[in-house]
Structure formats: structure tokens, C-alpha cells
Amino acid sequence: MSQHADTPSSTLSAPTVLVDATLADGRRVDVFLGDGRITAVEDHRSEPSGDSRTGCDAGAVRLDGALLLPALVDGHAHLDKTLLGAPWQPHRATATLREQIADERALRKEIGVPVADRATALAERMVALGTGHVRSHVDIDPDVRLESLHELLGVRERFRDRLGIQLVAFPQSGVVTEPGVADLLDAALAEGADLIGGLDPAGFDGDVNGQLDIVFRLAERHGAGIDIHLHDGGETGTFQLRAIAERTASLGLGGTVAVSHAYALGDVDDAELDRTADALAAAGVAIMTNGPRHSMLPVLRLRDRGVRVFAGSDNIRDSWWPYGTADMLERATIIGLQGGLMSDDELRYAASLVTDDAAAALGLSDYGLAPGRRADLVAVAAGGVPEAVAAHPQRLLVLHDGRIVGPAPHAAAPSGGALDLRGER
Ligand SMILES: [Zn+2]
């Protein structure tokens with residue numbers, strides 16, 4: 001399987017039917033496609049070989065029972081930070097968050113490979129692994145100003161036919177404590193960023209109301225969503241989560257606000273957890289997790305209290321973290337392992353964190369495997385969703401807007417006949 005499918009949009013083929021797919025509910029179906037959408041989902045009927053409507057049409061792709069999912073969604077990445085596309089960089093440990101941020105700013109100057117090239121290498125990998133939509137934060141600070149944003153706006157345009165990219169203007173070096181950043185964030189939203197970010201209003205800026213005033217004011221001015229990095233732990237963290245929920249509710253912004261990490265939810269007592277979860281659920285604030293090795297969120301308890309949780313990769317081979325593959329099914333595996341998800345129902349919940357729940361958190365319209373929805377789909381070499389989460393197996397076919405974008409099996413397709421993926425499994 002190619003990990004770097006690079007297919008010019010002019011040559012993308014658009015199947016008319018995916019034959020014999022297994023849906024998440026176990027049904028075997030044929031999925032009909034047209035104009036970039038799913039037009040019908042019908043029970044699969046085994047046909048005499050050779051001449052059926054779904055047997056050997058030029059536009060048919062046989063899945064032979066492979067699991068078909070809506071496109072995977074990466075709810076949190078940093079396309080500008082990755083070092084993919086540059087030579088391997090040994091991880092440089094630092095003692096504090098501020099030192100880490102300063103080191104990253106220095107490394108950015110040393111590395112010599114443009115942001116757009118590194119981001120492209122990562123985006124190619126995402127496409128090949130079946131990710132159809134990604135929310136990427138992009139650093140906005142007094143050094144880099146809007147340069148990385150401009151590069152990622154170009155990448156977003158070049159990937160328009162293969163990957164939906166949301167951009168969050170992310171104040172990695174703080175808002176209140178870095179002069180000029182508030183104006184840069186304002187400009188970033190005016191120039192095409194979709195959301196405004198934030199960073200530990202208490203722990204980093206030391207001014208909860210100061211940072212949240214700026215973030216929420218800019219969100220309202222630009223009609224932008226909000227996605228705040230919150231690493232602050234304990235009751236310092238839960239206090240800020242409730243402050244964010246309170247502002248979200250009072251401004252009527254439910255469904256457009258997310259907090260990434262929210263480690264505090266993993267290290268407070270049950271009463272504090274439930275009180276905070278109830279405020280988040282009532283306000284419509286979503287929580288992103290990447291399945292951290294410390295302070296893992298009690299995702300099932302959050303779900304049961306009505307909090308929308310979704311998943312993201314976060315750092316993928318950058319100055320913060322040498323690991324990461326961009327595989328969102330592998331991310332579901334990691335979250336399942338860290339969160340103790342064991343039953344089939346719990347594994348299905350892990351899958352929803354990288355599909356339905358992530359799509360809802362990102363506000364994606366027309367998402368899902370149903371007639372009328374966009375044909376953003378991924379076929380996986382698994383018989384069902386729990387197996388796909390447990391094993392994060394091979395991707396067999398990736399469609400974006402109804403066109404094949406990965407992992408490029410069409411290169412081997414016989415011309416004029418049905419494409420059969422059985423040999424790939
Ligand atoms: Zn992040």
C-alpha cells in the first residue's frame with residue numbers, strides 16, 4: 001500500500017458503486033455514488049458472476065465484505081510543526097513549557113525545510129490513511145507572525161480535492177503576555193483562519209479573564225469557532241473549563257467551542273469531575289483527547305454525562321514528540337488502551353471519536369454513510385468496527401467527494417472492468 005498517494009485531481013476516478021461493503025451495523029450492502037455524494041445504500045445481493053449491475057461495471061469497485069466507514073476525522077493536528085519531510089531530528093528535552101516553546105522557535109529557523117513542504121508530507125499521509133478532514137492549529141507568534149498561516153492556506157487550497165482542512169489561529173507563545181499577538185490573531189481570522197485558539201489562560205498567561213476576553217471577542221467579531229489548548233491540571237484546570245463553559249453558554253456559542261486536552265478532567269475527584277462535565281455538556285463545549293499517557297480522560301464517564309468527546313493526533317513527529325503516524329484508527333487504538341475500553345460497544349465508542357463525534361465537533365455538514373451525504377469514505381481490511389479499532393488494519397480504498405484519492409489501488413485496476421480489492425486484503 002502506498003503511504004504517499006499523490007494523485008492529480010484530473011486523473012481521480014469516481015466509482016459509481018461500491019459492491020459488497022460491510023457497514024458498521026454489520027449489513028452487507030452496495031453503496032451507489034454520484035456527483036460526489038452517496039445516492040443509495042442497498043442490501044447486497046450475490047449475483048451471477050460477469051454481468052450484473054454491480055458485478056463488472058467500469059465504475060464498480062468490489063469490496064468483498066470489507067468494512068466501509070465514513071472518512072476518518074483528525075480533530076487536532078499541527079501541520080506547521082511536523083518535521084516529516086525533513087531529516088530525522090533527535091528529540092531535545094527541555095525542563096519547562098516556556099523552554100520547549102523557545103526551543104521550537106529556534107529549531108524552526110534551523111530546519112531549513114519550508115512549512116508547506118513538511119505540511120504537505122503529513123497531509124499526504126493523512127489522505128492515504130483515510131482521513132478526510134483535519135483541524136490543524138497553526139502557530140501565531142511575534143516571530144513567525146502570519147507566515148505559517150499563509151503557507152497552510154496554500155496547502156489547504158492544494159488539497160481541496162482530497163482533504164478538508166480547518167485552521168485554528170493558535171497563540172503558542174501566549175496572548176496576554178506576548179505583545180501584538182491579539183492583533184495578529186485578529187488578522188489571521190480576517191485572512192482565512194476558521195477558528196481562534198488559546199493556551200492555558202491561567203498557567204501560561206496568568207490571566208484567565210484577560211485571555212478569554214480576547215479569544216471570545218475575536219470569535220464573535222469574525223463568527224469563528226474556538227479551540228483552546230488547556231494543559232493546566234487539577235482544579236486550576238476545571239475552574240477554567242467552567243469559565244469557558246459559562247462564556248460559551250452566555251454568548252450562545254454552544255457547538256462551536258472546543259477545549260483540547262483538558263487534562264484536569266483526568267486528575268480531579270469525582271464530584272469536581274461531574275460538576276465540570278455537567279457545565280461542559282450544558283454549554284455545548286466539546287473536549288478533544290489524543291489518549292495521553294498521563295491524566296487520561298475518563299471518556300466513558302464524560303460520554304455518559306453528555307459531553308461530546310473527540311480525538312486528534314496532536315503532535316506528529318515534531319519538536320514536542322518524536323512519535324506519531326497520522327493514522328486515526330491507530331489513535332482510536334491508543335485511546336482505547338489508555339481509557340480501558342474493552343467491550344465491543346466501548347470499541348465502537350472509540351471509533352466514533354475519530355468519525356461521527358469528531359465530525360460533529362468540527363461542525364462538518366453532510367458527513368456520514370447515508371444517502372445524500374458526501375461520499376467521503378474509507379474501506380478498511382476488517383470485518384467490523386471493533387476489529388478496526390483493535391487492529392487499525394490496512395486501508396483499502398479512500399474516497400473524497402466521491403473520487404478515489406488513496407491508497408491508489410486504481411493504479412492496478414484493469415481498464416474497463418470492475419476494480420477488485422480482494423487481492424489487497
Ligand atoms: Zn496541540
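**Domains, core and selected residues of the predicted model**

Apart from neighbours within four places in sequence, Val 29 makes contact with Ala 21, Leu 23, Val 41, Glu 42, Asp 43 and His 44. Val 29 sits in strand β2, which covers residues 28-34. It counts as buried because 20 C-beta neighbours fall inside 10 Å, the cut-off for burial being 20 or more. Ala 224 lies 195 residues away from Val 29 along the chain, and 39 Å separate the C-alpha atoms of the two.

Confidence comes next. The average pLDDT of the protein is 91, and 90% of the residues reach at least 70. Residues 1-11 have a pLDDT below 50, and this stretch makes 21 contacts in the model beyond near neighbours in sequence. Over residues 48-55 the pLDDT also stays under 50, with 13 contacts beyond four places in sequence.

The protein splits into domain 1, made of 9-71 + 368-424, and domain 2, made of 72-361. Taken over C-alpha atoms, the centres of the two domains are 31 Å apart. To the contact between them, domain 1 contributes 20 residues and domain 2 contributes 25 residues. On the side of domain 1 that touches domain 2, the elements giving two or more residues are β5 (67-70), α12 (385-391), β15 (395-400) and β16 (403-406). Of these, α12 gives the most, with five residues. By residue type, this side of domain 1 comprises twelve nonpolar, five polar and three charged residues.

The largest nonpolar core holds 126 residues, and Leu 68 and Ala 169 have the most contacts inside it. Helix α2 supplies the largest share of this core, seven residues. Both domains take part, as the core draws at least three residues from each of domain 1 and domain 2. Leaving out residues up to four places away in sequence, Leu 68 touches Leu 18, Ala 21, Thr 22, Leu 23, Val 31, Leu 63, Leu 369, Leu 377 and Ala 379.

Eleven of the 14 residues are buried, so α2 is largely enclosed by the rest of the structure. The buried set includes Val 115, Leu 122, Met 126 and Val 127, along with Arg 118, Glu 124 and Arg 125. Among the elements that cover the buried residues of α2 are β6 (72-77), β7 (131-139), α3 (147-158), β15 and β16. Just beyond the helix, Gly 130 adopts a positive phi of about 90°.

In helix α10, residues 344-353, the buried positions are Leu 347, Tyr 349, Ala 350, Ala 351, Ser 352 and Leu 353. Their cover includes α8 (299-304), β13 (309-311), α9 (328-339), α11 (356-361) and α12. The loop between β13 and α9 contains Trp 321. This residue is partly exposed because 15 other C-beta atoms lie within 10 Å, a count between the limits of 12 or fewer for exposed and 20 or more for buried. Ala 358 is 37 residues from Trp 321 along the chain, and their C-alpha atoms are separated by 23 Å.

Note on methods
Residues are numbered from 1 along each chain as its sequence is written. This is a predicted model: local features need pLDDT of at least 70, side-chain atom pairs count only at pLDDT 80 or more; totals for chains, interfaces and linings use all residues. Domain bounds come from an automatic or database domain assignment. Two residues are in contact if their C-beta atoms, placed from the backbone, lie within 7 Å. Helices (H or I, at least four residues) and strands (E, at least two) are DSSP runs, numbered from the N terminus. Ala, Val, Leu, Ile, Met, Phe, Trp, Tyr, Cys and Pro count as nonpolar, Asp, Glu, Lys and Arg as charged, and the others, Gly among them, as polar. A nonpolar core is a set of buried Ala, Val, Leu, Ile, Met, Phe, Trp, Tyr and Cys residues joined through C-beta atoms within 7 Å. pLDDT is the predictor's confidence in each residue, from 0 to 100.
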